[in-house]
Amino acid sequence: MSGRWGSSANAPASQPSQDGASKNLAERGSAWTGEGARPHLVACPTWPLLMFIDSHAHLDGPRFDSDRDQAISRAREAGIATILAVGTGDGPGTLDCAVKLADQYDFVCATIGIHPHEAAQATDTDFRQLEELGRSPKVIAWGEIGLDYYYDHSPREIQQNVFIQQMELAHAAKLPIVIHCRPSDNSDNAWEDCLALIEQHWKPSGFGGVLHCFTSTWPHAKRALDMGFMISFAGNVTFPKAQQIRDSAKLVPLDRMLIETDSPFLAPVPHRGKRNEPAYVKEVARQIGELRGLSTEEIGAQTSQNFRRFFSLPESGADV
Ligand SMILES: [Zn+2]
Ligand SMILES: [Zn+2]
(Lines give C-alpha, C1' and ligand atoms only; values in the text may rest on other atoms or scores of the structure.)
(Ligands and ions follow the chains in the order given, each with its own letter.)
Protein backbone atom coordinates (compact mmCIF):
# COMPACT_ATOMS: atom_id res chain seq x y z
CA MET A 1 0.00 0.00 0.00
CA SER A 2 0.80 3.64 -0.37
CA GLY A 3 3.51 5.92 -1.64
CA ARG A 4 5.25 5.19 1.58
CA TRP A 5 7.57 2.55 0.23
CA GLY A 6 11.15 3.59 0.14
CA SER A 7 13.63 1.82 -1.97
CA SER A 8 15.40 -1.39 -1.43
CA ALA A 9 17.06 -4.63 -3.14
CA ASN A 10 20.13 -6.80 -4.88
CA ALA A 11 21.41 -10.43 -6.66
CA PRO A 12 20.89 -14.06 -9.12
CA ALA A 13 18.12 -16.59 -8.77
CA SER A 14 17.49 -20.23 -8.97
CA GLN A 15 14.26 -21.57 -10.31
CA PRO A 16 12.66 -23.88 -7.85
CA SER A 17 9.51 -25.59 -8.82
CA GLN A 18 6.25 -24.43 -7.40
CA ASP A 19 2.84 -25.47 -8.22
CA GLY A 20 1.00 -26.77 -5.28
CA ALA A 21 -1.10 -23.65 -5.63
CA SER A 22 -1.92 -24.25 -9.26
CA LYS A 23 -2.82 -27.85 -8.69
CA ASN A 24 -5.01 -27.05 -5.78
CA LEU A 25 -6.79 -24.22 -7.51
CA ALA A 26 -7.49 -26.55 -10.38
CA GLU A 27 -8.91 -29.03 -7.89
CA ARG A 28 -11.26 -26.36 -6.63
CA GLY A 29 -12.99 -26.80 -9.96
CA SER A 30 -13.90 -23.14 -10.11
CA ALA A 31 -15.29 -21.25 -13.06
CA TRP A 32 -11.72 -20.22 -13.78
CA THR A 33 -10.82 -23.62 -15.03
CA GLY A 34 -14.20 -24.85 -16.20
CA GLU A 35 -16.35 -24.03 -19.20
CA GLY A 36 -19.28 -21.71 -19.42
CA ALA A 37 -20.51 -20.56 -16.03
CA ARG A 38 -19.58 -16.91 -16.31
CA PRO A 39 -20.71 -14.54 -19.06
CA HIS A 40 -17.97 -13.50 -21.42
CA LEU A 41 -17.13 -9.94 -22.21
CA VAL A 42 -17.89 -8.89 -25.77
CA ALA A 43 -14.59 -8.08 -27.42
CA CYS A 44 -14.26 -4.52 -28.65
CA PRO A 45 -12.39 -4.15 -31.94
CA THR A 46 -10.59 -1.04 -30.74
CA TRP A 47 -8.89 -2.83 -27.85
CA PRO A 48 -5.22 -3.47 -28.30
CA LEU A 49 -3.79 -6.87 -27.55
CA LEU A 50 -4.46 -7.63 -23.93
CA MET A 51 -0.95 -8.35 -22.81
CA PHE A 52 -0.56 -6.91 -19.31
CA ILE A 53 -1.88 -8.06 -15.95
CA ASP A 54 -2.05 -5.82 -12.90
CA SER A 55 -1.47 -8.33 -10.12
CA HIS A 56 -2.38 -6.00 -7.24
CA ALA A 57 -4.78 -3.04 -7.18
CA HIS A 58 -7.01 -1.46 -4.52
CA LEU A 59 -9.97 -0.18 -6.52
CA ASP A 60 -12.52 -0.03 -3.70
CA GLY A 61 -11.63 3.16 -1.83
CA PRO A 62 -12.98 6.70 -2.10
CA ARG A 63 -10.18 7.73 -4.45
CA PHE A 64 -11.95 5.77 -7.19
CA ASP A 65 -15.50 6.74 -6.27
CA SER A 66 -15.83 9.39 -8.96
CA ASP A 67 -14.45 7.38 -11.88
CA ARG A 68 -14.05 3.70 -10.95
CA ASP A 69 -15.75 2.41 -14.09
CA GLN A 70 -13.77 4.78 -16.30
CA ALA A 71 -10.47 3.79 -14.67
CA ILE A 72 -11.29 0.14 -15.30
CA SER A 73 -12.22 0.96 -18.92
CA ARG A 74 -8.97 2.88 -19.37
CA ALA A 75 -7.10 -0.20 -18.16
CA ARG A 76 -8.86 -2.27 -20.79
CA GLU A 77 -8.03 0.27 -23.49
CA ALA A 78 -4.38 0.20 -22.37
CA GLY A 79 -4.22 -3.56 -22.91
CA ILE A 80 -4.71 -4.83 -19.36
CA ALA A 81 -6.15 -8.34 -19.60
CA THR A 82 -6.79 -8.97 -15.92
CA ILE A 83 -6.76 -7.02 -12.67
CA LEU A 84 -6.36 -8.72 -9.31
CA ALA A 85 -8.42 -6.55 -6.96
CA VAL A 86 -7.13 -6.72 -3.41
CA GLY A 87 -9.92 -7.12 -0.89
CA THR A 88 -8.49 -5.88 2.38
CA GLY A 89 -10.46 -2.63 2.08
CA ASP A 90 -10.46 -0.58 5.25
CA GLY A 91 -10.52 -3.72 7.35
CA PRO A 92 -13.53 -5.33 9.04
CA GLY A 93 -16.77 -4.15 7.50
CA THR A 94 -15.30 -3.87 4.02
CA LEU A 95 -13.82 -7.34 3.51
CA ASP A 96 -16.12 -8.13 0.58
CA CYS A 97 -15.01 -5.09 -1.45
CA ALA A 98 -12.96 -6.94 -4.06
CA VAL A 99 -15.41 -9.82 -4.41
CA LYS A 100 -18.13 -7.27 -5.25
CA LEU A 101 -15.93 -5.72 -7.96
CA ALA A 102 -14.99 -9.11 -9.36
CA ASP A 103 -18.67 -10.00 -9.59
CA GLN A 104 -19.19 -6.89 -11.68
CA TYR A 105 -16.31 -7.32 -14.13
CA ASP A 106 -15.37 -10.49 -15.91
CA PHE A 107 -11.69 -9.60 -16.11
CA VAL A 108 -11.33 -8.62 -12.44
CA CYS A 109 -10.52 -11.32 -9.91
CA ALA A 110 -10.29 -10.89 -6.17
CA THR A 111 -8.39 -11.53 -2.98
CA ILE A 112 -9.72 -11.53 0.56
CA GLY A 113 -7.91 -10.90 3.81
CA ILE A 114 -7.03 -8.60 6.68
CA HIS A 115 -4.08 -6.27 6.14
CA PRO A 116 -1.50 -6.12 8.95
CA HIS A 117 -2.52 -2.49 9.54
CA GLU A 118 -5.97 -3.67 10.66
CA ALA A 119 -4.83 -6.81 12.48
CA ALA A 120 -5.82 -5.42 15.88
CA GLN A 121 -9.44 -5.02 14.71
CA ALA A 122 -9.87 -8.61 13.54
CA THR A 123 -12.49 -10.71 15.29
CA ASP A 124 -13.69 -14.29 14.92
CA THR A 125 -16.72 -12.98 13.07
CA ASP A 126 -14.39 -11.43 10.47
CA PHE A 127 -12.50 -14.68 10.03
CA ARG A 128 -15.82 -16.53 9.52
CA GLN A 129 -16.81 -13.96 6.90
CA LEU A 130 -13.50 -14.43 5.11
CA GLU A 131 -13.99 -18.20 5.09
CA GLU A 132 -17.37 -17.65 3.47
CA LEU A 133 -16.01 -15.17 0.90
CA GLY A 134 -13.19 -17.56 0.08
CA ARG A 135 -15.72 -19.88 -1.53
CA SER A 136 -16.41 -17.40 -4.35
CA PRO A 137 -14.95 -18.73 -7.62
CA LYS A 138 -13.55 -15.25 -8.35
CA VAL A 139 -11.35 -15.33 -5.23
CA ILE A 140 -7.93 -16.60 -6.27
CA ALA A 141 -5.71 -15.63 -3.32
CA TRP A 142 -5.71 -14.73 0.36
CA GLY A 143 -4.14 -11.37 1.11
CA GLU A 144 -2.58 -9.05 1.49
CA ILE A 145 -1.43 -10.42 4.80
CA GLY A 146 1.90 -10.14 6.57
CA LEU A 147 3.78 -7.64 8.70
CA ASP A 148 4.19 -3.87 8.64
CA TYR A 149 6.74 -2.67 11.17
CA TYR A 150 7.09 0.69 9.44
CA TYR A 151 3.73 2.04 10.55
CA ASP A 152 3.03 -0.35 13.42
CA HIS A 153 -0.69 0.44 13.14
CA SER A 154 -1.29 -2.81 15.03
CA PRO A 155 1.02 -4.17 17.75
CA ARG A 156 3.60 -6.53 16.23
CA GLU A 157 2.58 -9.55 18.26
CA ILE A 158 -1.03 -9.14 17.10
CA GLN A 159 0.14 -8.72 13.49
CA GLN A 160 2.05 -11.99 13.78
CA ASN A 161 -0.87 -13.87 15.31
CA VAL A 162 -3.37 -12.61 12.73
CA PHE A 163 -0.88 -13.48 9.98
CA ILE A 164 -0.53 -17.04 11.28
CA GLN A 165 -4.29 -17.40 11.68
CA GLN A 166 -4.87 -16.28 8.09
CA MET A 167 -2.23 -18.69 6.77
CA GLU A 168 -4.23 -21.47 8.41
CA LEU A 169 -7.47 -20.21 6.86
CA ALA A 170 -5.84 -19.85 3.42
CA HIS A 171 -4.54 -23.39 3.69
CA ALA A 172 -8.03 -24.68 4.48
CA ALA A 173 -9.40 -22.67 1.54
CA LYS A 174 -6.60 -23.98 -0.73
CA LEU A 175 -5.62 -20.47 -1.76
CA PRO A 176 -2.12 -19.05 -2.23
CA ILE A 177 -1.25 -15.99 -0.13
CA VAL A 178 -0.28 -12.42 -1.08
CA ILE A 179 2.32 -11.02 1.28
CA HIS A 180 2.74 -7.43 2.44
CA CYS A 181 6.01 -6.90 4.26
CA ARG A 182 7.52 -3.61 5.29
CA PRO A 183 10.32 -3.27 7.83
CA SER A 184 11.07 -0.21 9.91
CA ASP A 185 13.67 2.17 8.46
CA ASN A 186 17.17 0.77 7.92
CA SER A 187 16.13 -2.63 9.18
CA ASP A 188 15.29 -6.09 7.94
CA ASN A 189 13.21 -6.87 11.02
CA ALA A 190 9.87 -7.46 9.29
CA TRP A 191 11.50 -9.52 6.53
CA GLU A 192 13.24 -11.79 8.98
CA ASP A 193 10.04 -12.34 10.97
CA CYS A 194 7.81 -12.63 7.93
CA LEU A 195 9.96 -15.17 6.07
CA ALA A 196 10.47 -17.21 9.25
CA LEU A 197 6.70 -17.34 9.82
CA ILE A 198 6.11 -18.36 6.19
CA GLU A 199 8.75 -21.08 6.45
CA GLN A 200 7.19 -22.42 9.63
CA HIS A 201 3.47 -22.02 8.95
CA TRP A 202 3.05 -21.91 5.18
CA LYS A 203 5.85 -23.65 3.32
CA PRO A 204 4.53 -27.16 4.12
CA SER A 205 1.22 -26.35 2.39
CA GLY A 206 3.02 -26.15 -0.97
CA PHE A 207 0.57 -23.46 -2.14
CA GLY A 208 3.16 -20.70 -2.53
CA GLY A 209 2.17 -17.09 -2.90
CA VAL A 210 3.21 -13.65 -4.06
CA LEU A 211 5.57 -11.18 -2.39
CA HIS A 212 3.75 -8.04 -3.46
CA CYS A 213 5.49 -4.70 -4.04
CA PHE A 214 8.89 -6.24 -3.51
CA THR A 215 11.41 -3.76 -2.13
CA SER A 216 14.05 -5.90 -0.51
CA THR A 217 17.27 -7.63 -1.45
CA TRP A 218 18.12 -10.82 -3.32
CA PRO A 219 18.56 -13.08 -0.28
CA HIS A 220 14.95 -12.38 0.76
CA ALA A 221 13.64 -12.92 -2.77
CA LYS A 222 15.61 -16.17 -2.98
CA ARG A 223 14.11 -17.53 0.25
CA ALA A 224 10.61 -16.84 -1.06
CA LEU A 225 11.36 -18.24 -4.52
CA ASP A 226 12.58 -21.43 -2.88
CA MET A 227 9.16 -21.76 -1.24
CA GLY A 228 7.31 -21.44 -4.55
CA PHE A 229 6.58 -17.72 -4.37
CA MET A 230 6.29 -15.24 -7.20
CA ILE A 231 7.88 -11.80 -6.82
CA SER A 232 5.77 -8.80 -7.83
CA PHE A 233 7.24 -5.38 -8.66
CA ALA A 234 5.28 -2.12 -8.36
CA GLY A 235 5.63 1.48 -9.54
CA ASN A 236 8.38 2.27 -7.08
CA VAL A 237 10.79 0.34 -9.34
CA THR A 238 10.73 3.54 -11.46
CA PHE A 239 11.63 5.92 -8.62
CA PRO A 240 15.08 7.51 -9.01
CA LYS A 241 16.27 6.49 -5.54
CA ALA A 242 14.99 2.92 -5.78
CA GLN A 243 18.22 1.31 -6.98
CA GLN A 244 17.82 -1.60 -4.57
CA ILE A 245 14.46 -2.51 -6.14
CA ARG A 246 15.94 -2.28 -9.64
CA ASP A 247 18.85 -4.47 -8.56
CA SER A 248 16.36 -7.12 -7.44
CA ALA A 249 14.28 -6.73 -10.61
CA LYS A 250 17.40 -7.59 -12.63
CA LEU A 251 17.88 -10.83 -10.75
CA VAL A 252 14.47 -12.39 -10.18
CA PRO A 253 13.98 -15.06 -12.87
CA LEU A 254 11.68 -13.75 -15.59
CA ASP A 255 9.31 -16.67 -15.22
CA ARG A 256 8.80 -15.97 -11.50
CA MET A 257 8.03 -12.27 -11.83
CA LEU A 258 4.72 -10.37 -11.71
CA ILE A 259 3.96 -6.67 -12.13
CA GLU A 260 1.40 -4.55 -10.28
CA THR A 261 0.30 -1.01 -9.63
CA ASP A 262 -0.83 -1.20 -5.97
CA SER A 263 -3.34 1.46 -7.13
CA PRO A 264 -4.19 4.03 -5.91
CA PHE A 265 -0.73 4.19 -4.32
CA LEU A 266 2.78 4.35 -5.78
CA ALA A 267 2.09 5.80 -9.23
CA PRO A 268 5.12 5.12 -11.43
CA VAL A 269 7.14 7.77 -13.22
CA PRO A 270 5.87 9.73 -15.24
CA HIS A 271 2.64 9.72 -13.23
CA ARG A 272 4.37 9.90 -9.86
CA GLY A 273 2.50 11.99 -7.30
CA LYS A 274 -0.88 11.37 -8.94
CA ARG A 275 -3.40 8.69 -8.11
CA ASN A 276 -2.25 5.42 -9.57
CA GLU A 277 -4.53 3.25 -11.72
CA PRO A 278 -4.18 -0.15 -13.41
CA ALA A 279 -3.43 1.28 -16.89
CA TYR A 280 -0.11 2.53 -15.50
CA VAL A 281 1.18 -1.01 -14.95
CA LYS A 282 2.71 -0.61 -18.41
CA GLU A 283 5.23 1.82 -16.93
CA VAL A 284 6.37 -0.89 -14.51
CA ALA A 285 6.79 -3.24 -17.49
CA ARG A 286 8.67 -0.53 -19.38
CA GLN A 287 11.16 -0.06 -16.52
CA ILE A 288 11.75 -3.76 -16.03
CA GLY A 289 12.12 -4.18 -19.79
CA GLU A 290 14.86 -1.54 -19.78
CA LEU A 291 16.64 -3.38 -16.97
CA ARG A 292 16.37 -6.77 -18.68
CA GLY A 293 16.98 -5.69 -22.29
CA LEU A 294 13.43 -6.57 -23.34
CA SER A 295 10.49 -4.61 -24.68
CA THR A 296 7.59 -3.39 -22.56
CA GLU A 297 5.36 -5.85 -24.42
CA GLU A 298 7.70 -8.79 -23.83
CA ILE A 299 7.66 -8.12 -20.08
CA GLY A 300 3.87 -7.75 -20.24
CA ALA A 301 3.43 -11.04 -22.06
CA GLN A 302 5.84 -12.93 -19.80
CA THR A 303 4.39 -11.64 -16.54
CA SER A 304 0.84 -12.29 -17.78
CA GLN A 305 1.80 -15.85 -18.64
CA ASN A 306 3.36 -16.22 -15.18
CA PHE A 307 0.20 -14.93 -13.51
CA ARG A 308 -2.06 -17.31 -15.42
CA ARG A 309 0.22 -20.25 -14.80
CA PHE A 310 0.54 -19.57 -11.09
CA PHE A 311 -3.19 -19.04 -10.55
CA SER A 312 -4.28 -21.70 -13.07
CA LEU A 313 -6.27 -19.24 -15.17
CA PRO A 314 -7.16 -19.71 -18.83
CA GLU A 315 -4.58 -18.53 -21.37
CA SER A 316 -6.89 -16.23 -23.30
CA GLY A 317 -7.13 -12.58 -22.34
CA ALA A 318 -10.63 -11.27 -22.86
CA ASP A 319 -12.55 -13.84 -20.87
CA VAL A 320 -10.27 -14.34 -17.91
ZN1 LIG B 1 0.91 -3.84 0.58
ZN1 LIG C 1 -1.74 -3.30 -1.51
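What follows are my short notes on the fold, some helix packing and a few loop residues.

**Entry 1: the overall picture**

I note before anything else that this is a predicted model. I counted elements and found 10 helices and eight strands in the chain. I then looked up burial: 51% of the 320 residues count as buried. For contacts between residues at least 6 apart in sequence, I read that 77% join residues at least 24 apart.

**Entry 2: helix α6**

I picked α6, which runs over residues 189-201. Its 13 residues reach 18 Å from the first C-alpha to the last, close to the 18 Å expected at 1.5 Å a residue.

Which residues of α6 are buried? I listed Ala-190, Trp-191, Cys-194, Leu-195 and Ile-198. Those residues cover an arc of only 115° around the axis, so they sit on the same side of α6. On the other side of the helix I found Ala-196 and Gln-200, both exposed.

What do the buried residues of α6 pack against? My answer has three parts: strand β4 (139-148), strand β5 (177-182) and helix α7 (218-225).

**Entry 3: α5 against α6**

I stayed with α6 and turned to its partner α5, residues 156-173. I reminded myself that two packed helices are described by the angle between their axes and the distance between the axes. Here the axes come within 11 Å and cross at roughly 35°, and the crossing is right-handed. From α5, the residues I wrote down are Gln-160, Phe-163, Ile-164 and Met-167. They meet Asp-193, Leu-197 and His-201 in α6.

**Entry 4: α8 against α9**

Next I looked at α8 (residues 243-251) and α9 (residues 281-292). Their axes come within 9 Å and cross at roughly 65°. The two helices are therefore roughly perpendicular to each other. I noted this crossing as right-handed. At the contact, Arg-246, Ala-249 and Lys-250 in α8 meet Ile-288, Leu-291 and Arg-292 in α9.

While in α9 I also looked up Arg-286, which is found in that helix. Arg-286 counts as partly exposed because it has 17 C-beta neighbours inside 10 Å. I checked Arg-286 against Thr-238 as well: they are 48 residues apart in sequence and 9.1 Å apart in space, C-alpha to C-alpha.

**Entry 5: cis peptide bonds**

Where is Pro-264 placed? I found it in the loop between β8 (257-259) and α9. A cis peptide bond joins Ser-263 and Pro-264, with omega at about 5°. Pro-270 also lies in the loop between β8 and α9. Val-269 and Pro-270 are joined by a cis peptide bond too, and I read omega there as about 10°.

**Entry 6: positive phi**

My last stop was the backbone of two loop residues. Asn-186 is found in the loop between β5 and α6. Its phi is near 50°, a positive value in a residue other than glycine. Is Asn-186 buried or exposed? I put it down as exposed, because it has 7 other C-beta atoms within 10 Å.

Cys-213 sits in the loop between β6 (209-211) and α7. Although Cys-213 is not a glycine, it has a positive phi of about 50°. I noted Cys-213 as buried, because 28 other C-beta atoms lie within 10 Å.

Note on methods: Residues numbered from 1 in each chain as written. Chains lettered and ligands numbered in written order. Predicted model: local features only at pLDDT ≥ 70, side-chain atom pairs only at ≥ 80, totals over all residues. Helix = DSSP H or I, 4+ residues; strand = E, 2+ residues; numbered from the N terminus. Expected span 1.5 Å × (residues − 1). Buried ≥ 20, exposed ≤ 12 C-beta atoms within 10 Å, placed from the backbone. Arc of directions from axis to C-beta. Contact = placed C-beta atoms within 7 Å. Axes fitted to C-alpha atoms, helices over the stretch in contact; angles between N-to-C directions. Parallel < 35°, antiparallel > 145°, perpendicular 65-115°, else oblique. Left-handed = near helix turned anticlockwise from the far one by under 90°.
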